[in-house]
Amino acid sequence: MADKRKLGMLAAILLFLITAGAAFFVVKSYLWSGNSEDLPAEPTSTAAAPTTGPQIQVGILLSDFSATGPHRQARPYGYQTQLRVVKSLRDPSIHLIPVIEPNTARKGQLPRLLAQNFPGESPIDATNLDEMRKLDVLSATSSGNLPENVINSITQRVREGMGFLERQPGYITPGYNAETNDLCGFTDGVFGWSPNSVECEVVGNHPLLGDLSGLTGKTINLIPNGTVGELKGIPLLRVKQMHQIMLVASNRTVSTGEYLYPLYISQLGKGRIVGIGFTQGKEVPEALDAANQGRFYIHCVQWLAGKPLN
């Protein structure tokens, strides 16, 4: 009988120890979870979402001439504005490739920036048409100065069918001429800007407007910065009051039918063009970004490449 009582007590003690141990681990898991500052957080998965079909080959133009050449501010423009679209184009459906001017791969800051932003990628020579033909789309979002041979190469490739995401290429050097007007989608462009946010109205029906598409007359606020003139393409957003826009050319005034379009599309030969005309501050105006579910630039690239928007 005594032995049975001993065995019962031992069993009770064992059960208590097991219960206490389990409780300890529960409390430990709750108090010292990954959100605690005392222990490192559990790593989260950064694996990209799967994609179907071949990636869109997108060139990012990094122009030494634009970075170091003539400028309309206190210091040279550098490369950061040329790189700003990169973070918005990191997507499983897109393969980013740097595109540079001849003999600049080892010049100035470019080697470091190439290694940081395009590890393992060999840059494409912007004047080499065979290499440029590897691209489905070229992004040139801050290329105010471009050599003539680069402009010629881009023009030919767009005419052949390469998509072009542009923000006034060559508007400082060589300035607006026959080729740069074609690449910008205007008949006779001039650079215009406003230091302040102004009302811009929806004037088009197009997938790149996202949820704003077709809402003609609806206004959004943004800081315009881009080509002013008679558009040869299709406007999507338009500055509502052009008297708020300043032109850099003292011999030009805004004529009837000339506007600054913060967003428009055009065509050159077989190639589609998406023109951007908003400031270099916030990369995408909040309303436009929200209307595209945060994927505005990805949608631009997909449309330029003739792919479905997703």
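## Sheet, helix and salt bridges in a predicted model

Met 246 is partly exposed, because its relative accessible area is 36%. Buried means under 20% relative accessible area, exposed means over 50%, and partly exposed lies in between (1.4 Å probe, protein chains only). This is a predicted model: local features need pLDDT of at least 70, side-chain atom pairs count only at pLDDT 80 or more, and totals for chains, interfaces and linings use all residues. Residues are numbered from 1 along each chain as its sequence is written, and side-chain values use heavy atoms, with hydrogens and water left out.

Met 246 sits in strand β11 (residues 246-247). Strands (E, at least two residues) and helices (H or I, at least four) are DSSP runs, numbered from the N terminus. Together with Trp 193 and Val 248, Met 246 makes a nonpolar surface patch of about 240 Å². Such a patch takes residues with over 30% relative accessible area and no salt bridge, and joins nonpolar side chains (Val, Leu, Ile, Met, Phe, Trp, Tyr) within 5 Å; like charges are joined within 9 Å. The areas come from the Shrake-Rupley method with a 1.4 Å probe, and for residues only the protein chains shown count as cover.

**The sheet**

Ten strands form an open sheet with mixed pairing, in the order β3-β2-β1-β4-β5-β14-β13-β10-β7-β8. At its edges stand β3 (124-125) and β8 (219-222), each with a single partner strand, so one side of each has no neighbour in the sheet. Two strands pair if DSSP finds at least two bridges between them.

Strands β5 (residues 163-166) and β14 (residues 271-276) run parallel and share three bridges. Here Glu 166 stands opposite Gly 275.

Strand β7 (residues 198-202) is largely enclosed by the rest of the structure, because four of its five residues are buried. Four bridges join β7 to β8, running antiparallel. Glu 201 has Thr 219 as its bridge partner in β8, and Arg 238 stands opposite Glu 201 in β10.

**Helix α6**

Helix α6 (residues 148-160) has 13 residues and spans 18 Å from first C-alpha to last, close to the expected 18 Å. That expected span is 1.5 Å times one less than the number of residues. Several α6 residues are buried, including Val 150, Ile 151 and Ile 154. Just after the helix, Gly 161 takes a positive phi of about 130 degrees.

**Salt bridges**

A salt bridge is a side-chain nitrogen of Lys or Arg within 4 Å of a carboxyl oxygen of Asp or Glu. The whole structure holds ten. Asp 182 meets Arg 159 in one of them, at 3.4 Å. Asp 182 is in helix α7 (residues 178-184) and Arg 159 in α6, so the pair ties together parts 23 residues apart in sequence. Asp 182 also bridges to Lys 232, with closest N and O atoms 2.7 Å apart. Lys 232 lies in the loop between β9 (225-229) and β10, 50 residues from Asp 182.

What distance separates the closest N and O atoms of Arg 238 and Glu 201? They are 3.2 Å apart, in a salt bridge. This pair links β10 to β7 across 37 residues.

| Residue | Relative accessibility | Class |
|---|---|---|
| Arg 159 | 41% | partly exposed |
| Lys 232 | 43% | partly exposed |
| Arg 238 | 22% | partly exposed |
| Glu 201 | 14% | buried |

Asp 130, Arg 133, Arg 157 and Glu 160 are linked in a salt-bridge network.
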